[in-house]
Amino acid sequence: GCSPVNSVDDLAPEVLGFAGQVYEHVLGEDKFTFVEDLKDPRSVTVLVKGPNKHTLTQIKDAVHDGLRAVKNAIEDECVIPGAGAFEIAAHVALTEMKPTVKGRAQLGVQAFADALLVIVKTLATNSGLDPQDVLVKLLQERRLTNQPVGINLSTGEASLPANEGIFDNYCVKRQLLSSCMLIATNLLLVDEIMFAGVSKSGK
């Protein structure tokens, strides 16, 4: 509840805050000042301890990722079922939409739908599961129930991620779709330019 001042001459009761405890504590070879029991806290400090630098780096990254996920969820005001549920649902939706597309564009729709399943396959592989078996179970369960089903990494069976408290950030999935389409378009453009160059040199 305090306000920063540039000089001790600017100190006044209205710029002071309140803290229930202010004390100094020694951890290892370093001294830390703890300010606790604030009336209106606007920021906090997370103290991370570990046996070595590598462990500390991993813990800091995990804390940072968790805080960013919470921040994204607050800003998006929504979340998406995780555990591959979004990718399975998008694959099924694209597969059902493919017959409405004419010509060779159907191949692009199918390729995009299949590419989304790479994330589910990676989750299964990293958990020691057979990716093909997992895909068959998830796709079948999705079509039967029309529910956002994902993979249970402990059993390899289909489950409802929302019931397990597993969610992804909306902005992350939105960025994923935007980036992959942009990258694919650029790669195809490079292929066309190289093909045009080869054709000219052949003439």
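User: Before we start, what do buried, exposed and partly exposed mean here?
Analyst: Buried means a relative accessible area under 20%, exposed means over 50%, and partly exposed covers what lies in between; please keep in mind that this is a predicted model.

User: OK, so where does tyrosine 23 fall, buried, exposed or partly exposed?
Analyst: Tyrosine 23 has a relative accessibility of 31%, so it counts as partly exposed.

User: How many aromatic pairs turn up in the whole structure?
Analyst: A search of the whole structure gives 1 aromatic pair. Its members are tyrosine 23 and phenylalanine 34, whose ring centres are 5.3 Å apart with the planes at 10°, so the pair is stacked.

User: Switching to valine 48, where is it found?
Analyst: Valine 48 sits in the loop between β2 (30–38) and α1 (53–76), and there it is partly exposed, with a relative accessible area of 25%.

User: What does valine 48 touch, neighbours up to four places away aside?
Analyst: With those neighbours not counted, valine 48 touches Leu56 and Ile59. Glycine 66, which is 18 residues from valine 48 in sequence, is 14 Å from it in space, C-alpha to C-alpha.

User: Last one, asparagine 72: buried or exposed?
Analyst: Asparagine 72, which is found in helix α1, has a relative accessible area of 12% and is therefore buried. Leaving aside neighbours within four places in sequence, asparagine 72 is in contact with Asn169, Cys171 and Val172.

Key. Residues numbered from 1 in each chain as written. Predicted model: local features only at pLDDT ≥ 70, side-chain atom pairs only at ≥ 80, totals over all residues. Heavy atoms only, no water. Helix = DSSP H or I, 4+ residues; strand = E, 2+ residues; numbered from the N terminus. Buried < 20%, exposed > 50% of the residue type's maximum accessible area, 1.4 Å probe, protein only. Contact = heavy atoms within 4.5 Å. Phe/Tyr/Trp six-rings, centres within 6.5 Å; stacked < 30°, edge-to-face > 60°.
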